[in-house]
Amino acid sequence: MDPEASLGSLSYVPGTGRPVPEAELGLVQRWRSGGGELVELLSQVRERFGGIAAFRLGPAPTVLVTDPQAVQHVLARHPERYVKRSHRARLLIGDGVLAATGAAWKRQRRLLQSQFTGTGMRRYERRITEAAGTTAGRWGGYASTGQTLDVGREMRRFALDAIWRSLTGHPLDDGTERELAAVAAVAAALPTLPADVTDAQDAVAADLARIDAVARHAIEAARGGVLGPDGPGLLHVLIDAANERPEYTDRLIRDELVTLLVAGHETTATTLTWLYLLLDQYPGAREKALAAGDEGSAQRRRAIQALVHETLRLYPSAWILPRHATEDDVLAGYTVEAGTDILICPYLTHRDPELWPDPEHFDPRRFIAPDGRPAHTGAYFPFGIGPRACLGLQFALRESTVLLEHLLPVHTLAFSSTPRKAAYGITVRPDGPTPATLEPPRT
């Protein structure tokens, strides 16, 4: 659509760019009265007005950005002009690296960055493999007895075990798992909590207290020199930092610990759950991945990684990325004024038919064929791009791949029911339980 054809009433700086096309107020009012999800409104705005469009949910304009070049402009090229003001999960993660801004964020990210590079990742390879082996053993028991399992819960259990081993050096025990269920409970509640901070804290006070108790116990044990069978972990890196950096108080260590727990298991568990739901709809994708090469081969690993990437295309870990314009700017020929809220939406960019042919279809070959995916960086960014891209990208991809290498050749799932819709919170997750049974292991 020609952007000049539906100009709204947004003000702009003369001579610097065109005004951003603005959705009609009636479109927003219809969405509000219908009680639909935010993603429904954003989908309509993108479909009718293109990759850069404005709408109003309050007195100030919000600009939706899904165009790949504009995405890269905001997130990667000019992050100083488009900043994070707060994080939706601050109630849970406090001042952890996901929520931190400015100089504090730079210090915290610098400390953690080395832990998630290729060299750093090798420290956690064995721990991820052990967590996957524990899950595979548990699934073998389910298959032999015909017991029903909940796939979402199993994936959370695996991912929590992997990150807990990496943080503390200890495998996840049943008591810790029960207490850390509060992390998922708070994360799921965040979109519906009261706007008032005190009221919101009161609503989840019991769960936050459980999380704080687990964190406090883990910090005390690590500080006391209690090492797990896998040796020191990421938590020890944070504690060592406190010896030289006064800003690393027990509260900040707690916030980083919880941040890593949330980022290190919630997104991975959700991705793996979606992947199995997609394989239920497209069973041939599993067979093709296994047929790509022998066990342990680079070809099979690449095919399994393609399953993960295609799942992340449809259900990106970060489905929406809010930013705030701190100064006037021209974005892909359109003027954005200081004070404008920006919504980057990977979920919609990844489903744009002009970028991804037949975008609703699950097709892992997009990530294997030479021309299977768009070349532009801003067309695929499930973990964000630029300086604030997710630190744990390689960790998440590695744990997903390792688990699937253990499970896919041995088990197939039969779901007794599947969720009919998605829930859009911190992540895009299946809105309901995922009960299934396993076929007996093949010998």
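Reader: Start with pairing. Which residue in β13 is the bridge partner of Leu149?

Author: Ala436 is the bridge partner of Leu149. Keep in mind that this is a predicted model.

Reader: And how do β5 and β13 pair, parallel or antiparallel?

Author: Antiparallel, over two bridges. Strand β13 covers residues 435–438.

Reader: What order do the strands take in that open sheet?

Author: The order is β5-β13-β10, three strands with antiparallel pairing. β5 (149–150) and β10 (413–415) are the edge strands. Each of them pairs on one side only.

Reader: Which strands does α6 lie across?

Author: α6 lies across β5, β10 and β13. Its angle to β13 is about 80°.

Reader: Stay with α6. At what angle does it cross α16?

Author: Roughly 35°, and the two axes come within 9 Å. Helix α6 spans residues 118–145, and helix α16 spans 393–407.

Reader: Left-handed or right-handed crossing?

Author: The crossing of α6 and α16 is right-handed.

Reader: Which residues meet there?

Author: From α6, the residues include Met121, Tyr124, Ile128 and Trp139. From α16, they include Phe395, Arg398, Val402 and Leu407. The residues of this contact divide into ten nonpolar, five polar and three charged.

Reader: New topic. How many residues of β3 are buried?

Author: Five of its five residues, so to speak of cover, β3 (61–65) is mostly covered; buried here means under 20% relative accessible area.

Reader: Which way do the residues point from β3?

Author: Pro61, Val63 and Val65 point one way. Thr62 and Leu64 point the other way.

Reader: What does β3 pair with, and in which sense?

Author: Strand β2 (residues 52–56) is joined to β3 by five bridges and runs antiparallel to it. Strand β9 (residues 341–344) is joined to β3 by four bridges, and these two run parallel.

Reader: Then Cys345 and Cys390: buried or partly exposed?

Author: Cys345 is buried, because its relative accessible area is 0%, under the 20% cut-off. Cys390 is partly exposed, at 28%.

Notes. Residues are numbered from 1 along each chain as its sequence is written. This is a predicted model: local features need pLDDT of at least 70, side-chain atom pairs count only at pLDDT 80 or more; totals for chains, interfaces and linings use all residues. Side-chain values use heavy atoms; hydrogens and water are left out. Axes are lines fitted to C-alpha atoms, for helices over the stretch in contact, and angles run from 0 to 180 degrees between N-to-C directions. A crossing is left-handed if the near helix is turned anticlockwise from the far one by less than a right angle, and right-handed if clockwise. Contact means heavy atoms within 4.5 Å. Ala, Val, Leu, Ile, Met, Phe, Trp, Tyr, Cys and Pro count as nonpolar, Asp, Glu, Lys and Arg as charged, and the others, Gly among them, as polar. Two strands pair if DSSP finds at least two bridges between them. Buried means under 20% relative accessible area, exposed over 50%, partly exposed in between (1.4 Å probe, protein chains only).
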